[in-house]
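Good morning, everyone, and thank you for letting me take a few minutes of the meeting. Please have a look at the picture first, and then I will go through it slowly, one topic at a time.

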Amino acid sequence: MRALTFLLLESGAGMTGADSGKTRLVVGGATIAGLIAAWYIASTTGAIPKLDFPSPEQFVAAARQVVVEPGFADGLLFDHLLHSVKIILLGFFAATAIGVPLGLWMGWSRTAEALINPIFLLIRPIPALAWIPLAIVWLGLDDAAKVMVLWFAAFVPSVINSYTGVRSIDRPIIEASRMLGIGRMAVITDVIVPGALPSIFTGLRLSLQGCLTALVAAELLGAILGLGKVLYQAGLDIYPAMILVGMVAVALTGFVLTALLDVVESRSMPWRKR
Amino acid sequence: MGPALPTRQLVLLSAVGLAIFFGIWTGAAWLELAPRRFLPMPWDVIDRAFKLTETRFSGQTLQGHLVISVERYLRGFILAVLVGVPLGLLMGWYRWLDYIVTPVFDALRFVAPIAWVPFAALWFGTGIGGPTMIIFAGAFPPCLINAYRGARYVETRYIEAAQTLGASGLRVVREVLLPASLPSIIAGLRISAGAGWQSLIGAELIAANAGVGLMMVRGQAALDTSIVMVGMIAVGLIGLLIDVALRGAETWIKAKQGH
Amino acid sequence: MADIVLDGVSRVFGHGDKRFVALDKVSYTVADNEFVAVVGPSGCGKTTCMRMAAGLEFPTSGTCKVGGKIVDRPGPDRAVVFQQFALFPWKTVQQNIDFGLRSLNVPRSEAGDRIAASIKLMGLEGYEAAYPHQLSGGMQQRVAIARAYVLNPQVLLMDEPFGALDAQTRTVMQEELLRVGRINPRTVMFITHAVEEAVYLADRVIVMTRRPGRIKETIDVKPVRLAEKWDNYERIEDVMDLESFVHLRTRIWRLLREQHDPADH
Ligand SMILES: Nc1ncnc2c1ncn2[C@@H]1O[C@H](COP(=O)(O)OP(=O)(O)O)[C@@H](O)[C@H]1O
Ligand SMILES: [Mg+2]
């Protein structure tokens, strides 16, 4: 009862007190459950037209179909998923393997910054998705075209944040480590990289998000396999249940990949409190 | 990291950087590493841009496509701001709203905005409604998140002062949380503007009856790289313009509040 | 009737091994239209008591009543002057002072008059359109006081309001506060570090101890002030030279010194 009054009161109290995690969990769970119930009722009573949005049963049936029966959009859900993840990882690693060192270098060396920044400034404002038509003209509907688009999606944030990461390291720390006579290489591996790491991971997170969005867009424009292909086919067939299945698959992929990155992040910075 | 470079050296190095970029481009085109329609010279692109402003391509001139895109964009973006910012602020104040909206928002957050395209086309068509919805899907989350965070991190003393002065909840939201979190909100708008603009291009590439995205796809279908590149440059410039405008607003507000 | 009654108030902060008792069964009363000053070493719970009267903090046990009613929320009937001003940086002086009047739904024409009067009272003429960050600390504090006074509240809660002022301004503000209080008496809870200030302004001074916060002693100033006719002196310096004043000040000082704590100040 107390929790209820506490919730319903205009709760400026919410600003000062610590969050009550249990109430949050209960209310959150109830909301989701309520929404699912509302969805069920609205679709069985016809409040939502089945042509616009599937009923829960249709959704489950569509999910079953694409998971176990081969054939929808030329593959099982697992094949589509595997294909998409493969391309995401390819694009992500190809871009960040270049972007992060480049950003670090630009942060470290004024000369490198002056030389590269103008080129980077030309590329930076172009949204990743705007590379898709060019990629298709140059590389067709192949995986290579998608990797190219994802490369740009992941490249820009990884450069920017690695650069900012180096620039945000306290100068005295760098100067002190130089004075201690540590070698140039050691300054980079022991001072620059760890100092920039939080910012680098911010960049990697954005890169990953960018890859996911770019991949879905690129696959919607044309693909042999992939989650975007599922969405595309479902859209063409006007098959709302399958559209929803595709969206859920995209969201789960994003969720799992982000969670993996989180794990890597906390493992690589054990000195940081979470 | 050394000291800042002298201006002359900076300009020189920047010029060298640009020269390398355009040198490689022109050189590759000159050597005909790819047919010229796949890899045009830089001046071919400029030439094409001028031609596109005079003759129609896919139903519109370049500026015609741009006007359509910007109009759609403004619709979706403004809608996202008008819904996202107030909702975020209210969630920062009313706990029950926070508890109800956050799980739903978290569940939807991982759906890439572009993945809404099939539903958007199904529900709202490919004219104005569908693309607007995609822009909304891209621009909404940063608006909400930054308004919410801004509201949660407002210094307690301002809220307490307002409460002891008898302000109602809605008044606290309007007159304390909103102005106090403006810097955070504007930062959110900058992210949101970029995300919305990118989503618009995506939507227009995939399903739209006009707009600069459509122009690019048609250029791609015609295997005419210079049209695609004109589109990329136009899209980049407008995105830049939007960001510069919002950055100006940010500076102005910070100056006004005496930060 | 607007008295403040703290009855057996305790407040515990923190959990587990960080748990500590900030206030331990504190009871005191600020009678209707009485001016009570609270002094005590830093961290003894003065602010916490005041926040309870304001409705910003609640006792772990015991009760805090204002005007006979248990305090359950903040409101404009109890105006607060915060230690760090808490002026809204995004509002002008005029808008800051107006904020509470709008909660009270005071008619606009009357509000204008009241704002003008309090701006005049605090010597803020000409600064109506200024933003807080354009003002000095002293001027900001005047705005904070004007913002409280303009509500014409029965209860005034002031947390070291002159703490951030230079000595000159401080003296002026003290004389001003006394003058205004004579014209228009209020129930005032006034927290301060400065013993002179407490003796000069208050009818009664409450001395608190630290860890746990308790009341050490209550000193009646009013009978002495009336008997020795302090009010006949214009300037604060003249009062401070009186033997009766020095005597009271020294007594309170001793009480504070007895709980010497090198960690303070
Ligand atoms: N919200 C809080 N959480 C934890 N400790 C607090 C809180 N508010 C006050 N305290 C502690 O309670 C004690 C009394 O604080 P306060 O009332 O501010 O003292 P004073 O105003 O007399 O200096 C201090 O030790 C302070 O650190
Ligand atoms: Mg205090």
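Let me begin with chains B and C, which bury about 1,900 Å² between them, with carbon and sulfur atoms giving 63% of it; please keep in mind throughout that this is a predicted model. Of the area that chain B buries against chain C, Tyr158(B), Thr164(B) and Leu165(B) supply 33%, which is more than any other three residues. In terms of contacts, 18 residues of chain B meet 23 residues of chain C.

How many salt bridges are there between chain B and chain C? The count is three, and one salt bridge joins Arg51(C) to Glu160(B), with the closest N and O atoms 2.7 Å apart. The rule also finds nine residue pairs in polar contact across this interface, both residues being at pLDDT 80 or more. On the side of chain B that touches chain C, helices α7 (156-164) and α8 (169-180) of chain B each supply at least two residues, and α7(B) gives the most, with seven. Sorted by class, that side of chain B has eight nonpolar, five polar and five charged residues.

Now to the other pair of chains that touch: of the two pairs, A and B have the most contacts. Here 70 residues of chain A and 65 residues of chain B take part, and the buried area is about 5,700 Å², of which 74% comes from carbon and sulfur atoms. The rule finds one salt bridge across this interface, in which Arg24(A) and Asp98(B) have their closest N and O atoms 2.8 Å apart. Helix α12 (residues 240-268) of chain A gives the most to chain A's side of this contact, with nine residues. Chains A and C, by contrast, do not touch, and their nearest C-alpha atoms are 9 Å apart.

Finally, let us look inside chain C, where six strands form an open sheet of mixed pairing in the order β6-β7-β8-β3-β9-β10. Because β6 (78-81) and β10 (214-220) of chain C stand at the edges with a single partner strand each, one side of each has no neighbour in the sheet. From one strand to the next, the twist averages 15°. Strands β3 (residues 35-39) and β9 (residues 204-209) of chain C pair in the parallel sense over four bridges, and Val39(C) has Val207(C) in β9(C) as its bridge partner. Helix α4 (residues 137-149) of chain C packs on the sheet, where α4 touches β6 and β7 (155-159) of chain C.

Notes. Residues are numbered from 1 along each chain as its sequence is written. Chains are lettered from A and ligands numbered from 1 in the order in which they are written. This is a predicted model: local features need pLDDT of at least 70, side-chain atom pairs count only at pLDDT 80 or more; totals for chains, interfaces and linings use all residues. Side-chain values use heavy atoms; hydrogens and water are left out. Contact means heavy atoms within 4.5 Å. Buried area is the accessible area (1.4 Å probe) that two parts lose on being put together, summed over both. A salt bridge is a side-chain nitrogen of Lys or Arg within 4 Å of a carboxyl oxygen of Asp or Glu. Two strands pair if DSSP finds at least two bridges between them. Axes are lines fitted to C-alpha atoms, for helices over the stretch in contact, and angles run from 0 to 180 degrees between N-to-C directions. A polar contact is a pair of N or O atoms within 3.5 Å; within protein, one must be able to donate a hydrogen and the other to accept it, and residues adjacent in sequence count only if both atoms are side-chain atoms. Ala, Val, Leu, Ile, Met, Phe, Trp, Tyr, Cys and Pro count as nonpolar, Asp, Glu, Lys and Arg as charged, and the others, Gly among them, as polar.
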